[in-house]
Structures are given as C-alpha cells and as structure tokens.
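Hello,

Here is the structure I promised to pass on. Please open it and keep it beside you while you read my notes below.

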Amino acid sequence: MTAQAAAAQAAAGQAAAGEPAGRVALVAGATRGAGRAMAVELGRAGALVYVTGRTTRERVSEVGRPTETIEQTAELVTAAGGTGIAVPTDHLEPAQVKALIERIDGEQGRLDVLVNSVWGGDRLIEFDTRLWDLDLDNALRMFRLGVDTHVITSHFALPLLIRRPGGLVVEVTDGTAAFNRRYRGSLCFDLTKNAPHRIAFGLAAELAEHGGTAVSLTPGFLRSEEMLDHFGVTEETWREAVAQEPHFAIAESPALIGRAVRALAADPERARWTGQSLSSGQLAKEYGFTDTDGSRPDCFGYFEDVVFGGKQATAADYR
C-alpha cells in the first residue's frame with residue numbers, strides 16, 4: 001500500500017499502518033469549529049489529544065458561546081476512539097502555555113503533532129472599512145488572537161516536538177496563500193490571516209534539521225457552529241441557507257479539515273508538503289477522503305473560476 005493510499009484509508013475511518021495511534025497531539029484552540037473537528041479526527045485515529053481553549057463549563061471566553069467547551073471536545077475525542085484531555089489555556093499568556101507544555105512533557109514525554117488553531121476574532125472584523133476608520137483596539141486584538149497566540153504556542157511547544165524526528169506542525173488560517181493574494185476586505189484581517197502562511201514557511205526551515213514538517217492549512221467555506229447559527233440552520237438543514245447566500249452551496253463541514261489533518265499525520269511522506277499552503281479540499285483530492293456527505297468540495301476553485309472568474313458553473317460542479 002502506498003503512503004497516500006494508507007493516508008486515504010485512514011481518513012476514511014479504517015486502520016492503516018501510518019495512523020497516528022499512540023501519538024500525542026496538541027490542538028490549540030479546540031473549543032469549536034475546525035479546531036474541534038481536527039482534535040476529534042486525530043482521536044478517531046487513536047491519538048492522545050490535548051485540547052485547549054478559554055471556554056469551559058465554568059467560564060466563557062470573550063467569544064461568548066457558552067454551549068461549546070473544551071470539556072465537550074475532549075469527550076468527543078475519547079468517544080471517537082482516542083484519549084481527549086482538556087486543559088483550559090489562554091494562549092496569549094506565556095506562563096499558561098509554558099505550564100501546558102510542561103504538563104504534556106511530564107505526562108507523556110513527547111509531542112508529535114501541534115495544531116495551532118487559536119482564533120476567536122471573527123467578532124472583531126470590520127469589512128469594507130478603511131484602516132483609519134477601524135476600531136484600533138479591535139484591530140490590535142485581532143493580531144494578538146490570530147498571530148501572537150501561534151508564536152507563543154510554538155515557542156514553548158517546539159522544543160518538546162523536536163525531541164523525536166517526524167513532528168508535524170499545522171498552522172490553521174483562513175484562505176490559501178494564493179487565494180489571499182486578493183485583498184480580504186479589511187487590512188488587519190488580511191494581515192492576520194496571511195501571517196500563518198509565513199509562520200509555516202519559516203518553521204519549515206527551522207524544523208528541517210530535526211525532521212519536522214510545518215504547513216499552513218485552511219478550510220474552505222466552513223459550516224462552523226457560529227456560521228450555522230448566523231444563517232439560522234443546522235448541520236442537517238444547512239442547504240436551506242443557500243437561498244440567503246448562494247455561495248454557501250460550496251460550504252464544507254468541519255470534518256473535512258479534520259480529515260485533512262488526520263491524513264497528514266498518517267502520511268509518512270508528509271515532509272513533501274513542508275512550508276506549503278494547503279487547503280482541506282486540496283488534501284481531500286490528494287488523499288482520497290470526502291466530507292461527511294460523500295462530496296469533495298473545491299471551495300477555492302469555485303471562487304477563483306466562478307465567483308471571480310465569471311465561469312458559467314454552479315457549486316455542484318465543484319463538489
């Protein structure tokens with residue numbers, strides 16, 4: 001079986017030689033959405049997954065969504081077949097992150113996969129607003145949430161990850177590097193979501209001598225809990241929102257990016273991706289896995305060809 005075939009089999013839910021069973025992962029920012037899905041899929045592969053975030057059953061973060069907690073995520077990881085461990089952590093606080101990594105070291109003595117998925121800044125975005133008209137406090141907070149958290153986490157986590165060759169770092173962002181060549185409609189959001197591409201590029205160079213791989217990874221049009229609530233639909237009824245937003249027809253469930261991370265972790269030849277900007281749709285095609293409905297949405301192809309390029313096609317042609 002080829003490495004790609006093994007990874008595809010793994011992402012489809014079958015055991016494979018390259019699966020990350022027995023490995024230790026940290027998904028930073030796993031309270032909801034893509035972070036939760038990536039943690040669950042790593043758990044489904046048999047990994048032990050530390051999941052972090054600021055919303056717990058006792059405390060709600062500034063995002064203000066009390067129904068999604070890191071304890072729930074840990075339970076979902078365990079239910080999927082792995083071991084989920086919830087550790088409340090504010091990744092803007094170096095002391096907390098340092099303590100988190102010291103705990104992982106003390107309990108496991110290793111770290112094989114680091115997923116930097118911390119965000120929580122959607123509420124701060126001001127689209128179609130000039131820089132000089134932005135709320136500066138919100139803009140700077142966005143930088144801190146989307147960039148500083150990733151740098152702080154890697155600073156403390158990488159010495160543990162490089163103890164063993166083959167470590168994987170995934171920088172989660174919004175939009176591929178190619179897609180983000182187009183202005184994202186708000187300067188501070190644009191900068192924040194381009195930074196992870198450069199972080200992954202730089203870490204790829206720094207991890208090379210240690211046999212590590214670093215990539216940036218983006219979902220397409222993500223049907224997160226918050227997005228479903230925005231349209232007043234559920235994961236079961238999401239297609240009803242297409243009447244409000246036609247482009248929602250290309251939307252993907254969080255499971256797709258979860259399966260992408262699982263496939264990367266299972267691929268013994270993943271170093272070929274190091275330093276690159278990847279998308280869930282791209283890796284679905286590469287490794288052969290699908291979304292929960294059996295489709296393989298190509299969000300960025302759809303936007304480039306149809307939305308921006310004027311091609312006469314529908315979202316169905318890109319699923």
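**Aromatic rings**

Six residues form one aromatic cluster: Phe179, Phe300, Tyr302, Phe303, Phe308 and Tyr318. Bear in mind that this is a predicted model. In total, the structure holds 11 aromatic pairs.

Take Trp238 and Phe248 to start. Their ring centres are 5.7 Å apart, and their planes meet at 85 degrees. An angle over 60 degrees counts as edge-to-face, so this pair is edge-to-face. Both residues sit in the loop between H7 and H8, 10 residues apart. Trp238 is buried, and Phe248 is buried too.

Now look at Tyr302 and Tyr318. Here the ring centres lie 5.9 Å apart and the planes are at 70 degrees, so this pair is edge-to-face as well. Tyr302 belongs to helix H10 (residues 299-308), while Tyr318 is in the segment after H10. The pair therefore ties together parts that are 16 residues apart in sequence. Tyr302 and Tyr318 are both buried.

**Nonpolar cores**

The largest nonpolar core has 35 residues. Which residues have the most contacts inside it? They are Leu42, Val49, Val115 and Leu283. Helix H8 (residues 254-266) gives the most to this core, with seven residues.

Find Val49 on your screen. Beyond four places in sequence, Val49 touches residues including Ala25, Val27, Leu42, Val77 and Ile85. There is also a second, separate core, with 23 residues. Among them are Leu26, Ile101, Leu111 and Leu158.

Helices H2 (33-44), H7 (225-231) and H8 each give two or more residues to the lining. H2 gives the most, with six. By type, the lining has six nonpolar, four polar and six charged residues.

**One glycine**

Last, go to Gly166. You will find it in the loop between helix H5 (136-161) and strand E5 (168-172). Is Gly166 buried, partly exposed or exposed? Its relative accessibility is 24%, so Gly166 counts as partly exposed. Buried would need a value under 20%. Leaving out neighbours within four places in sequence, Gly166 is in contact with His210, Gly211, Gly212 and Arg270. Ala208 is 42 residues from Gly166 in sequence, yet the C-alpha to C-alpha distance is 9.6 Å.

Best wishes

Key:
Residues numbered from 1 in each chain as written. Predicted model: local features only at pLDDT ≥ 70, side-chain atom pairs only at ≥ 80, totals over all residues. Heavy atoms only, no water. Helix = DSSP H or I, 4+ residues; strand = E, 2+ residues; numbered from the N terminus. Buried < 20%, exposed > 50% of the residue type's maximum accessible area, 1.4 Å probe, protein only. Contact = heavy atoms within 4.5 Å. Core = buried A, V, L, I, M, F, W, Y, C linked by side-chain atoms within 4.5 Å. Nonpolar A, V, L, I, M, F, W, Y, C, P; charged D, E, K, R; others polar. Phe/Tyr/Trp six-rings, centres within 6.5 Å; stacked < 30°, edge-to-face > 60°.
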